[in-house]
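This briefing goes through a structure by topic. Look at the sequence and the 3D view, then read the points below.

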Amino acid sequence: MPATLSGQLINLLAALLLLIAFAMITQRRILSLVNLFAMQGLVLALSTLIVAYSTGQGHLYFSAALTLVLKVMALPWILYRLMRKLNVQWDVETLINIPSTLLVGIVLVIFAFNLASPISHMAGTILRSTLGIALASVLLSFLMMIVRRKAIPQVIGFLAMENGLFFAATSSTYGMPMVVELGIALDVLVGMFIFGIFFFHIRETFDSLDLQHMEKLKED
Amino acid sequence: MEALSVLAIPLCGGIVLALWGHKTWAAELGALMSLATFIAAAVLAVRIIDHGPLLVAQELVFIDSFNVFLVALTAFVAFTTSLFSRPYMRIEQHHGKLSPNMLRLYHSMFQLFTFTMLLALTTNNIGILWVAMEAATLTTALLVSLYRTPASIEAAWKYFILCGVGIAQALFGTILLYFASEKVLGAGGGALLWTHLNEVKALLEPTVLSLAFVFLLVGYGTKVGLVPLHSWLPDAHAEGPTPVSAVLSGLLLNVALYAVVRCKVLVDGALQNHMAGNLMMGFGLLSVVVAAFFLSRQKDIKRMFAYSSIEHMGIMTFAFGMGGPVATFAALLHMTVHSLTKSAIFFAVGHASQKAGTQIMERIRGLIKLSPAVGWGLMLGALAILGMPPFGVFTSEFMILTATMHSQPWATPFLLISLGVAFAAIFGKVQPMVFGETSVQRLPHPPALIPVFVHLGLVLMLGLYIPPYLADWYREAARLISP
Amino acid sequence: MSLLEGISYQLLQSLLMVLLAPLMLGWVNQCRAWLQNKSGAGLLQPYRVLRKLFHKDAVLAHNASALFRATPYIRFGCMWLAAGIVPVLATDLPFSPAADVIALVGIFALARMFLALAAMDIGTAFGGLGARREMMVSFLAEPALLMVFFTASLISHSTQLPTIVETLAHAEFVIYPSLAFAGVAFLMVLLAENARVPVDNPATHLELTMMHEAMILEYSGRHLALVEWASAIKLLTYITIGIALFLPFGIAGTGHWSALPLAFGALLPKLLFAGLGLALLETLSAKMRIFLVPEFLGTAFLLAVLGLLMHFLLES
């Protein structure tokens with residue numbers, strides 16, 4: 001049990017992060033999905049801020065600010081704009097029904113916790129247990145990408161996965177070196193633009209953002 | 001200085017061509033940029049051979065004998081590909097498949113892709129290595145969908161998503177690696193520098209590193225195209241423009257494998273067992289077997305050679321996993337000859353399918369009648385990639401098989417059967433395409449066949465005679481990877 | 001604490017629960033009315049309804065068996081027992097050892113089983129339909145409830161409700177992420193088990209959607225009064241369990257008369273607040289389609305399991 005208040009707060013935020021990852025799986029509406037993604041970014045920024053404050057790592061303030069700008073403002077804004085331009089609001093279809101997805105999710109969480117537990121015990125940081133949660137939310141986002149058929153939820157899943165990874169970096173190691181973090185942020189941003197371009201291409205070519213149309217290339 | 005110019009030239013090229021890539025002289029400018037990069041890489045290689053490893057730019061750039069030959073190879077193949085793409089893209093434009101703006105995207109992204117490859121190879125920071133690998137996906141994703149056909153968009157989306165997911169696993173592995181190294185080296189930039197990590201690798205926590213390696217292998221392995229993470233690879237190769245297929249097969253896969261091998265060196269040092277090698281051997285062998293059996297079912301010529309790339313990446317992964325001086329030497333040699341041969345094949349295939357107007361193999365017939373050069377290029381390339389003596393692929397595969405019989409005899413039958421199946425599949429399909437009644441037409445621009453024969457000539461030379469300095473170079477690199 | 005004092009304290013607590021239950025229901029209904037800009041029937045309306053029903057004659061179907069007649073009493077008894085053993089005002093009481101969380105779940109299940117059997121006893125379509133739906137809900141809600149209880153008992157290493165409350169109420173301030181998850185799950189179970197919006201609507205008799213009301217459609221007079229009263233007690237019991245698990249601060253230790261005012265003073269605002277919150281929740285949400293109920297309860301189960309996992313990961 002972490003004794004300090006900041007450790008407890010980060011545990012709470014970690015739990016919230018996982019909860020949001022689950023909420024994303026259950027969510028049918030794309031708009032709520034984007035909101036959840038922004039919320040996840042906020043939780044991430046908050047936890048980074050707390051880690052920065054409690055450990056006195058100066059560069060983490062910077063990455064908290066970067067998270068806030070990139071993941072709470074810029075990316076959701078781009079997604080909103082894309083949705084308005086592409087005129088998509090709904091996403092009803094999932095590949096597996098939601099309760100079964102949730103059960104698979106629980107199994108993934110247990111798997112992640114088990115995988116991370118030998119490592120968690122070695123972490124000297126105040127946040128030794130959060131690595132498992134980070135891994136779990138990465139796997140959950142992965143699951144979401146698998147069960148969604150539409151392009152935008154897949155992309156949100158992709159970005160949420162990056163959030164989980166970022167959380168792993170801040171919680172287990174107090175953040176990667178600055179140059180790497182900047183590089184990752186740049187990649188994510190460029191990736192988002194390319195996704196946006198793809199959305200337009202896909203819709204232009206298939207008249208829909210439903211990825212069901214894109215199952216032609218298979219081994220026969 | 002040379003090290004930085006190797007990176008700076010393609011980066012500048014990317015920016016310049018982003019502005020003027022739609023002009024008619026853009027292809028020549030691109031080729032010039034690639035030539036400059038190649039010259040810089042060659043100068044760099046000579047320097048490394050003479051003076052040993054190089055560490056510059058606050059230790060962020062590190063070049064030793066392992067990566068310098070890959071740098072030279074990458075720059076060389078990028079240069080020849082830019083030569084090949086000059087007429088190829090003109091013909092595509094003539095056929096109305098591409099607009100000037102698409103060409104601008106192509107030229108600019110090609111340079112940036114070269115930049116990311118070289119950055120991934122030369123960086124000393126494992127985090128930057130990740131960033132460069134991800135950037136390589138970003139630059140090529142739009143190239144795969146350059147034709148904007150439904151199939152190409154689907155292929156690009158699949159490529160982007162799958163490689164994105166895969167590379168995310170690699171990031172997790174990198175984080176775990178940092179997590180372990182930070183305890184030994186302290187927080188900050190130093191803890192991700194490969195040179196520093198290599199010095200303290202024995203002190204790193206084994207549990208963390210074994211888990212990290214699993215994630216790194218799965219992550220970068222997706223880009224290598226290891227089965228079962230390969231499903232993006234045939235699509236992306238088949239649907240993208242041929243020069244892109246050539247650099248994907250010839251360069252990107254190599255660089256991804258390079259990343260895996262760099263990580264393996266650290267993990268081996270920390271673990272003191274063969275876990276990393278075993279994993280690589282497993283994935284490698286599976287890729288060889290699965291890809292070989294998929295080969296015979298292909299109808300699309302580029303798709304078939306994409307599977308052949310999976311097979312060969314599997315062989316290399318297996319050889320690197322097996323370790324030991326002979327296998328590692330052979331794997332490095334195989335990396336070189338495979339890059340050269342496969343890109344040569346794609347050059348020939350590109351022109352062949354342009355002539356036939358299709359990529360379906362059944363409709364490409366009798367190439368040799370109308371254009372003997374393309375036909376012979378394809379035939380010799382296919383023979384070379386199938387491991388016929390006296391080509392270099394034979395030498396490297398022979399060495400790998402010998403090493404396998406020596407240290408992992410159980411795997412030999414799998415390898416031999418797969419190579420046999422691959423031979424039957426590819427030779428059976430290439431032979432009627434080259435000989436027989438013709439179905440192809442003339443091209444509006446003369447094709448660029450010099451790169452094909454230069455590559456094949458080099459492969460032939462490597463099969464007959466490995467220059468001593470090159471052999472020393474391989475040996476030195478093998479010693480670095482597998483002491 | 002003398003035994004006599006303890007027993008009288010215990011009796012007072014259980015009597016208080018039974019007598020105050022309709023008032024709680026009245027308070028929730030009143031809040032709901034206010035939130036919906038209605039004037040409401042007043043806090044005492046449930047009492048008036050009960051009085052009216054007790055004065056009416058009970059009408060029984062011809063083919064009603066003894067089970068049908070006994071069920072209201074059994075259900076009322078079960079609820080009374082449950083209400084009596086939940087630690088509301090004090091934790092250390094003579095009946096406290098009986099307040100095992102698994103036993104509590106069992107008592108609720110017993111009452112539910114009898115009601116479902118009685119609903120099918122007459123053989124009308126509505127009864128069977130209601131019973132079936134009720135069983136579906138409870139079959140999904142019960143595991144979630146158990147998981148919530150397990151999470152709480154993992155923290156205190158005991159399935160005794162008083163011990164759990166004791167541990168949570170008197171430990172130093174610690175954030176339990178697991179309890180946050182369990183709390184949300186418990187709230188969802190509470191809504192489902194007590195036939196509240198969004199799972200069921202206690203205020204309508206719309207045949208397509210009703211569950212609880214469909215089961216008790218054949219009851220009248222004193223039987224109906226007992227069933228309704230038992231439901232009110234059940235709601236209050238659930239709320240007090242929730243308070244005991246998640247907001248136990250201020251509860252008295254042993255059953256001393258001197259501690260009573262303070263404990264009561266701590267309890268009352270919590271109850272009022274809980275009722276208001278419940279009314280707010282019911283006003284804000286819409287009744288969901290019955291096919292979405294499994295999803296709703298599946299989510300509750302998931303949250304409870306997550307809470308459990310969180311406990312192992314973060315708090316052990």
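This is a predicted model: local features need pLDDT of at least 70, side-chain atom pairs count only at pLDDT 80 or more; totals for chains, interfaces and linings use all residues.

Two residues are in contact if their C-beta atoms, placed from the backbone, lie within 7 Å.

**Confidence**
- Chain A has a mean pLDDT of 82, with 90% of its residues at 70 or more.
- Within chain A, helix 2 (residues 30-55) has the highest confidence, at 89, and helix 7 (residues 178-206) the lowest, at a mean of 83.

**Helix 7 of chain A**
- Helix 7 of chain A is made of 29 residues. From its first C-alpha to its last it reaches 41 Å, close to the 42 Å expected at 1.5 Å a residue.
- Its buried residues include Val180(A), Gly183(A), Asp187(A), Phe195(A) and Ile202(A).
- Within chain A, the buried residues of helix 7 pack against helix 3 (58-86) and helix 6 (151-173). They also pack against helix 5 (126-144) and helix 6 (150-185) of chain B.
- Asp207(A) follows helix 7 of chain A and has a positive phi, near 65°.

**Contact between chain A and chain C**
- Chain A contributes 19 residues to this contact and chain C contributes 17 residues.
- On the side of chain A that touches chain C, two or more residues each come from helix 1 (5-26), helix 4 (98-120) and helix 5 (130-147) of chain A.
- Helix 1 of chain A gives the largest share of that side, eight residues.
- By type, the residues on that side of chain A are 14 nonpolar, five polar and no charged.

Terms used: Residues are numbered from 1 along each chain as its sequence is written. Chains are lettered from A and ligands numbered from 1 in the order in which they are written. Helices (H or I, at least four residues) and strands (E, at least two) are DSSP runs, numbered from the N terminus. Ala, Val, Leu, Ile, Met, Phe, Trp, Tyr, Cys and Pro count as nonpolar, Asp, Glu, Lys and Arg as charged, and the others, Gly among them, as polar. pLDDT is the predictor's confidence in each residue, from 0 to 100. The expected span of a helix is 1.5 Å times one less than its number of residues. A residue is buried if 20 or more other C-beta atoms lie within 10 Å of its own, exposed if 12 or fewer, and partly exposed in between; C-beta atoms are placed from the backbone.
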